[in-house]
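Biologist: I am new to this structure. Please show me how to read a few of its features, starting with the overall picture.

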Amino acid sequence: MSSSVAHSPSARPEAWTRAGDPHRPALLLLHGFTGNPSSVRPVAESLLDTDSTLSVPLLPGHGGTWRDLARTSWAEWSAAAVDEFDRLASLHPSVVVAGLSMGGALALDVGAQRTPASIVAINPALFVDSPAAPLLPLLRHVLPTTASIGGDIEKPGAVEDANDRTSVRAAASLHAGLRGLRQRLWRIDAPVTVCVSGRDGVVAPRSLRALRTGLPQPPRIVALRRSRHVATLDYDAPIIEQTIRESLAAAAGGGA
């Protein structure tokens, strides 16, 4: 395994978007916890030929230091995702929502509040998989950070730009937000595709089990056999690209 994290607070990553045909579906693609748009932007850029509007927002608190992240919460990350969905939905006939890890959870959260054409969740996190997770609301008062969760990638040379430490306060908010999301999965009407890595060092299998039991319709499962957690930067990124491409085509009525 190659696990590599890089972060430079002085070069804050930015949101990335490309405007496309207003008559075609748009794509909202969400990054994960402690990450930033650079972890999913290559997948978005591979879809430029679809002529769809592509939006990769920078979620509140992300792209800087762990202290920046500690000042934000699940409520703000969720609101930012819904606000960007609403903006795209006001300009396009439909919106496909996709996301990596926490971004996948936020994509599902958008689906519980709005009506996307479809959802593509890439190694979605429905739990904070740590033995200390139940203690996070208390630990956040005495322990500011834990080790980084970034860089779980199989492909040699691939590097994720993520925080070098994880804010315990932000993780506590994520833990509470995911608990609420699991209780709202039944509200999702959109078809859901879940891209699942064969070896994931961040998200445990119980997240997929929670989706299978909580969604009103069984999700479609796409196997990412050669990748670890940050699959958008790993060997199976082309499979993710093709899955989203198919979702955009289906939202457009089957057109390429």
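Modeller: The protein chain has 8 helices and 13 strands; helices (H or I, at least four residues) and strands (E, at least two) are DSSP runs, numbered from the N terminus. This is a predicted model, in which local features need pLDDT of at least 70, side-chain atom pairs count only at pLDDT 80 or more, and totals for chains, interfaces and linings use all residues. Residues are numbered from 1 along each chain as its sequence is written, and side-chain values use heavy atoms, with hydrogens and water left out.

Biologist: What percentage of the 256 residues in the protein chain is buried?

Modeller: Buried means under 20% relative accessible area, exposed over 50%, and partly exposed in between (1.4 Å probe, protein chains only). Here 54% of the 256 residues are buried.

Biologist: How is strand E12 placed, and which strands pair with E12?

Modeller: Two strands pair if DSSP finds at least two bridges between them. Strand E12 (residues 192-197) is mostly covered, with 5 of its 6 residues buried. Strand E7 (residues 118-122) runs parallel to E12 and is joined to E12 by 4 bridges; in this pair, Ala-121 is opposite Val-194. Strand E13 (residues 220-224) also pairs with E12 in the parallel sense, over 5 bridges, and there Cys-195 is opposite Val-222.

Biologist: Through which helix does the chain cross from E12 to E13, and what is the hand of this crossover?

Modeller: A crossover is right-handed if, with the strands pointing away from the viewer, the path from the first strand over the helix to the second runs clockwise. From E12 the chain passes through helix H7 (residues 206-214) to E13, and this β-α-β crossover is right-handed.

Biologist: Which side chain of opposite charge is nearest to Glu-160?

Modeller: Lys and Arg count as positive and Asp and Glu as negative; His and the chain ends are not counted. A salt bridge is a side-chain nitrogen of Lys or Arg within 4 Å of a carboxyl oxygen of Asp or Glu. Glu-160, in strand E10 (residues 160-161), is buried but has no salt bridge, and the nearest side chain of opposite charge is Arg-228, 11 Å away. A polar atom of the Glu-160 side chain lies 2.7 Å from the backbone nitrogen of Gly-151.

Biologist: Why does Ala-147 count as partly exposed?

Modeller: Ala-147, in strand E8 (residues 145-147), counts as partly exposed because its relative accessibility is 49%. Contact means heavy atoms within 4.5 Å. Leaving aside neighbours within four places in sequence, Ala-147 is in contact with Arg-165 and Thr-166.

How values were computed: A polar contact is a pair of N or O atoms within 3.5 Å; within protein, one must be able to donate a hydrogen and the other to accept it, and residues adjacent in sequence count only if both atoms are side-chain atoms.
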